[in-house]
Amino acid sequence: MPRTETTPGIEAAAPRTRLRWWTELPLIMLVYACYSAGRLLARGDNTGAVDHGLAILRIEKFLHINAEHPLNRLFTREAWLGVPADFWYASLHYLVTPAILVWLFRSRAVHYRAARTWLMTSTFIGLIGFTLLPTCPPRLLAPGHGFVDTMAQYSSYGWWGGAASAPKGLGGMTNQFAAMPSLHVGWALWCGVMLWRYGRTRTTKVAAVAYPLLTSIVVMGTANHYFLDAVAGAAVMGVGLFLTPYVMRGADRIREQLPFGAGGSQVAGSSIVSAGCQTSTGERFPRQRESRPGSGAAPSASPTDAGEGAPAAAR
């Protein structure tokens, strides 16, 4: 079967049937709904989540990689940086990621399925991380640790509430301890790879580098994630990239077992189009017919039907 170029590490066969938006959109919405519900249900106890957050902070201080402290002080002091950063954190992952999916679907269709599968696989891996390691973000630590919740500080500027990046009044419906890994960074990295690999202009190349880099700065400066959360988000995307070919092959096997899947569509390519009626190579409609029951006469065959080399029928 012919292979098509895809994201590095993913070798996907060209789809047998063209993907349709009315099947893709419900699939993506279903996956996102499952992710949101699972993220909400994966709540840990406050004490354990705070302990995990403090452990990450201690590791970062020991390694001298706690970049979130100076960034958070800068965003807290300078509103012209803090307010746009809060808008970036609260909004762009809802806009940029779907926009790139649509762009791939419309303009880079041969690469779309592998890219979509990579994104979804990594998202589910991130959900496992939220479940196994509920982590308190820096903004929810005690004030003595030196962090300020910029989204609460600048909540009067935006549509989010002071309790979370969710719309005002819905902060209680979000999982506040889903900090590890940072899927804001993971999704931004996915967007960057797509723009770099499939974009054709210098602008897309610049955006491919700038978007994940600025997102990493934003998640730390707003005190929503630790530096190691961002590293874990990138690692999750790496694992998802590795698993994507296996997920795609598994999905293909399942589809072939379904009556309306790829296995059932092979009948259309068979030479047998009805019981007792066959087509010759190159023929569009069958000409051979069976004799009617009770009739002793054999079906007549013209030279055309029998082939050019066959003898003509006796008169």
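Visitor: Where is Pro137 found?

Guide: Pro137 is found in the loop between H5 and helix H6 (150–153); helices (H or I, at least four residues) and strands (E, at least two) are DSSP runs, numbered from the N terminus. This is a predicted model, in which local features need pLDDT of at least 70 and side-chain atom pairs count only at pLDDT 80 or more, while totals for chains, interfaces and linings use all residues. Residues are numbered from 1 along each chain as its sequence is written, and side-chain values use heavy atoms, with hydrogens and water left out.

Visitor: Is Pro137 buried or exposed?

Guide: Buried means under 20% relative accessible area, exposed over 50%, and partly exposed in between (1.4 Å probe, protein chains only). Pro137 has a relative accessible area of 2%, so this residue is buried.

Visitor: Which residues does Pro137 touch, not counting residues up to four places away in sequence?

Guide: Contact means heavy atoms within 4.5 Å. By that criterion, Pro137 touches Gln176, Phe177, Ala179, Ala223, Asn224 and Tyr226.

Visitor: How is a nonpolar core to be read?

Guide: In soluble globular proteins, nonpolar side chains tend to be buried together. A nonpolar core is a set of buried Ala, Val, Leu, Ile, Met, Phe, Trp, Tyr and Cys residues joined through side-chain atoms within 4.5 Å. Here the largest such core has 22 residues, and those with the most contacts inside it are Ile100, Leu104, Trp190 and Met194. At least two residues of this core come from each of H4 (79–107), H5 (109–132), H7 (183–198), H8 (202–221) and H9 (227–257). H7 supplies the largest share, 8 residues.

Visitor: At what angle do H5 and H9 pack?

Guide: Two packed helices are described by the angle between their axes and the distance between the axes. Axes are lines fitted to C-alpha atoms, for helices over the stretch in contact, and angles run from 0 to 180 degrees between N-to-C directions. H5 and H9 pack at an angle of about 115°, with their axes 7 Å apart. Their contact includes Trp118 and Ile125 of H5 and Leu243 and Val247 of H9.

Visitor: How many helices and strands are there in the protein?

Guide: The protein has 10 helices and 4 strands. Buried residues make up 38% of its 315 residues.
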